[in-house]
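Morning, everyone. Please bring up the model on your screens.

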Amino acid sequence: MRVINSADRMSSLAESVRKKGKKIGFVPTMGYLHEGHLSLVRRARKDADIVAVSIYVNPTQFGPKEDFKRYPRDLKRDLSLCRRENVDFVFVPSSEQIYPEGFSTYVNVEGLSESLCGAKRPGHFKGVATIVNKLFCIVKPDIAYFGQKDAQQAMIIKRMVLDLDMNIKVKVLPIVREPDGLAMSSRNKYLSLDERKRALVLFRSLQKAGDMIKSGESNPRIIVNKMRDLIKKQRPTKIDYISLVDTKELKPVKKIKGEVLVAVAVYFGRTRLIDNIKLKV
Ligand code: PAF
């Protein structure tokens, strides 16, 4: 396994691998790896000849009052996990490499970036699309892997790849959950024991929505109200959103039919957690 800090070096290694006709599978991450990330790495290992992982906590996707500084980091542990999964390249750039002085080009995916997390975290998806674009330019993957937990992010990346003719296959893999249902996230580390217990309501509320839809409820307002009641009982600090949206434009649905995404973003303590399920009627 090679650990690469220089963007030029990463780019030329990727170039030479591609010249040999080898397929690069790429998993971009912000580190503090968990089973969710590892499921992506394992799929990449199956699909591709060369597996590349990037580890970079991207400052431009955090708002000024968000958790960039305290975002969990443990490079040593991340590298040993990557080694165990037979990763070929781990790209760990510095911010000087990624955003050199004078940097002024950003990617903004309109429409899809405006609802759900985009409405609550202004600029977040512009930061995500920009860094992913840059990483794609440097790592030159054939296939890139993202988790369904960040459903909106995955759709935005797919849109960007299509719009900019990037010729990269984007694969989105299912949410990996703890045995008790909590969706895996690097931010789970912030939760106290009590907050973690209360946060289990997120998945429970999504399951409740699923049950209601399966038994014929088609009014999203009734479902959102039920979910809100359940979540409120667990004393969240703040509910950012509980939304039922379509899976093409991520716009709120008026009546549930076809495929819907039920998505939540809720704070427990200072920790903002997101989760979702996709349902077909
Ligand atoms: O999902 C993440 O961890 C990040 O948003 C990503 C895709 C690595 C970009 O920084």
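Exposed means over 50% relative accessible area, buried means under 20%, and partly exposed is in between, with a 1.4 Å probe and protein chains only. This is a predicted model: local features need pLDDT of at least 70, side-chain atom pairs count only at pLDDT 80 or more, and totals for chains, interfaces and linings use all residues. Residues are numbered from 1 along each chain as its sequence is written, and side-chain values use heavy atoms, with hydrogens and water left out.

So which residues of α1 are buried? A7, M10, L13, A14 and V17. They sit on the same side of α1 because they cover an arc of only 130° around the axis. That arc is taken over the directions from the helix axis to the C-beta atoms. Remember the general rule: an α-helix has 3.6 residues a turn, so residues three or four places apart point the same way.

What covers that buried side? The cover includes strands β1, β2, β3 and β4, plus helices α4 and α6. Contact here means heavy atoms within 4.5 Å. Helices (H or I, at least four residues) and strands (E, at least two) are DSSP runs, numbered from the N terminus.

Now the geometry of α1. It runs over residues 7-19, 13 residues, and reaches 18 Å from first C-alpha to last. The expected figure is also given as 18 Å, at 1.5 Å a residue. That expectation is 1.5 Å times one less than the number of residues. At the N-terminal end, S6 is the cap, with a side-chain oxygen 3.3 Å from the backbone nitrogen of D8. Just after the helix, G21 takes a positive phi of about 80°.

Next, α3, residues 75-84. Here D78, L79, L81 and C82 are buried. Down the axis of α3, these buried residues fall within an arc of 160°, so they line one face of the helix. K76 and R84 are exposed on the other side. Cover for the buried residues of α3 includes β1, α2, β3 and β4. Just after α3, N86 has a positive phi of about 65°.

How many cavities of 30 Å³ or more does the structure hold? One. A cavity is a set of points on a 1 Å grid over the protein atoms alone, where a 1.4 Å probe fits but cannot get out; a pocket is an open set with protein on both sides within 12 Å along at least five of seven lines; and lining residues have an atom within 4 Å of a point. The largest cavity holds about 50 Å³. Its lining includes K149, F203 and D275. β9 gives the largest share of that lining, three residues.

The second largest pocket holds about 200 Å³. Grid points are joined across faces, edges and corners, and volume is the space filled by probe spheres set on the points. Among the residues lining this pocket are Q148, M155, T247 and K278. α7 and β8 each supply at least two lining residues, and the largest share, four residues, comes from α7.

Last, the lysine. K126 lies in helix α6. It counts as partly exposed because its relative accessibility is 36%. Leaving out residues up to four places away in sequence, K126 touches Y106, V107 and N108. K126 and G258 are 132 residues apart in sequence and 29 Å apart in space, C-alpha to C-alpha.

Notes: A polar contact is a pair of N or O atoms within 3.5 Å; within protein, one must be able to donate a hydrogen and the other to accept it, and residues adjacent in sequence count only if both atoms are side-chain atoms.
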